[in-house]
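Reader: I have a model open and would like to go through parts of it. Can we take it in pieces?

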Amino acid sequence: MNHHSASPPSAWRPFAVLAELTYRCPLHCPYCSNPAPLPGPAGELTTEEWRSVLHAASELGVLQVHFSGGEPLLRPDLDILVWTAREAGLYTNLLTSALGLTPPRAERLRAAGLDHVQISIQADESETADAIAGTTAHSDKLRAARAVRELELALTLNVVLHRRNIGRVSQLIGLAEELGADRLELAHTQLHGWAFRNAAALLPSLAEVEAASEVVAAARERLGDRLQIAYVLADYYADRPKPCMHGWGSRSLTVNPTGDVLPCPTAGEIPGLTFDNIRTRPLAWIWSESEAFDRFRGTSWMPEPCRTCERREVDFGGCRCQAALFTGDAANTDPVCSLSPHHAALRQWVARVQEVRADDPDAQPRTSSRIALSLAPRLL
């Protein structure tokens with residue numbers, strides 16, 4: 001085996017596993033992280049298979065498991081899986097739309113060992129939130145958040161920022177305060193999967209991003225330690241990329257509903273990469289030996305300008321999915337980087353998306369097979 005890194009394999013230790021229990025979900029968000037096209041529920045891992053994954057993750061050195069989807073509450077065995085994770089010594093986090101998180105269900109999950117709940121919030125008021133979610137959900141989310149706090153579970157609110165809600169960042173912070181959240185994540189949409197297909201409806205302007213940043217900075221100063229605010233800026237107006245999962249195959253892994261193991265949740269979109277499955281390979285082997293995890297580990301796989309860049313072990317060349325999407329080759333420098341030969345073309349694409357009027361058909365979000373692709377980037 002040829003590891004593409006100057007670092008020894010012992011340096012690659014997974015700290016977290018994202019357990020995507022199902023792709024099923026009651027919401028229809030235009031930035032959905034589920035694959036497009038969306039697979040059906042056939043072939044989902046069984047309870048015993050997931051229990052085996054959790055114990056294997058613990059033996060590998062994983063400290064945290066994030067139960068996600070789709071909507072993990074649609075798995076009737078979620079209580080058993082939370083209990084199994086606690087048995088394996090893992091910190092447990094539920095990433096949920098909160099639809100179905102009734103007080104009795106929340107109580108059962110706490111009794112099973114759940115440590116933390118992260119609830120997705122689409123906006124600060126019902127009309128906009130429900131329109132983004134594609135269903136009536138906002139009032140249920142607020143009730144669930146209050147139930148979580150009454151049970152003294154740690155609570156994070158997660159908001160994906162885009163054109164429809166970026167002007168309400170101040171109100172979203174106020175909602176987190178009102179609900180007694182411990183943490184608020186404000187994360188600009190990453191244009192992968194469904195979000196990329198709906199870019200014209202989602203991508204805010206640079207002015208909107210800058211204004212939101214100022215609001216967050218002021219709130220952080222005002223609130224201090226009372227509310228932790230994580231603010232994840234959009235890549236598309238930056239000159240340097242973010243590190244891809246703190247380095248591809250370095251700190252985390254994802255197990256999808258059918259058992260494929262990926263270095264990041266959206267890596268399945270990269271053409272030419274195949275992923276091993278826990279039904280045919282042990283998790284430890286996949287982490288340390290599989291071709292997909294090895295492909296972009298470390299730095300020796302990098303082309304120029306990354307190969308000789310002083311930031312090569314800071315951002316690790318940026319996002320591999322983004323490189324594949326915008327350049328056709330996941331091994332290229334992330335086009336967000338100003339040193340990338342594809343950076344100017346990415347900026348031109350962003351400008352073209354911004355020119356789409358709000359009433360243009362391409363600016364109306366879709367979560368079905370009727371996807372407008374006229375704004376898709378040509379290979380740069």
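Reader: Where is Thr 254 placed?
Author: Thr 254 is in strand S8, residues 252-255; helices (H or I, at least four residues) and strands (E, at least two) are DSSP runs, numbered from the N terminus. This is a predicted model, in which local features need pLDDT of at least 70 and side-chain atom pairs count only at pLDDT 80 or more, while totals for chains, interfaces and linings use all residues. Residues are numbered from 1 along each chain as its sequence is written, and side-chain values use heavy atoms, with hydrogens and water left out.

Reader: Is Thr 254 buried or exposed?
Author: Thr 254 counts as buried because its relative accessibility is 1%. Buried means under 20% relative accessible area, exposed over 50%, and partly exposed in between (1.4 Å probe, protein chains only).

Reader: Which residues is Thr 254 in contact with?
Author: Leaving aside neighbours within four places in sequence, they are Leu 18, Glu 20, Asp 260, Val 261, Leu 262, Cys 264 and Pro 265. Contact means heavy atoms within 4.5 Å.

Reader: Other topic. Which residues touch the most other members of the largest nonpolar core?
Author: Of its 65 residues, these are Phe 67, Leu 101, Ile 119, Leu 157, Ile 173, Leu 186 and Val 255. Such a core is a set of buried Ala, Val, Leu, Ile, Met, Phe, Trp, Tyr and Cys residues joined through side-chain atoms within 4.5 Å.

Reader: And which helix gives the most to this core?
Author: Helix H6 (residues 169-179), with 6 residues. A second, separate core has 22 residues, including Tyr 31 and Trp 349.

Reader: Now H5. Which of its residues are buried?
Author: His 138, Lys 141, Leu 142, Ala 144, Ala 145, Ala 147 and Val 148. Their cover includes helix H3 (103-112), strand S4 (116-120), helix H4 (126-133), strand S5 (154-161) and H6.
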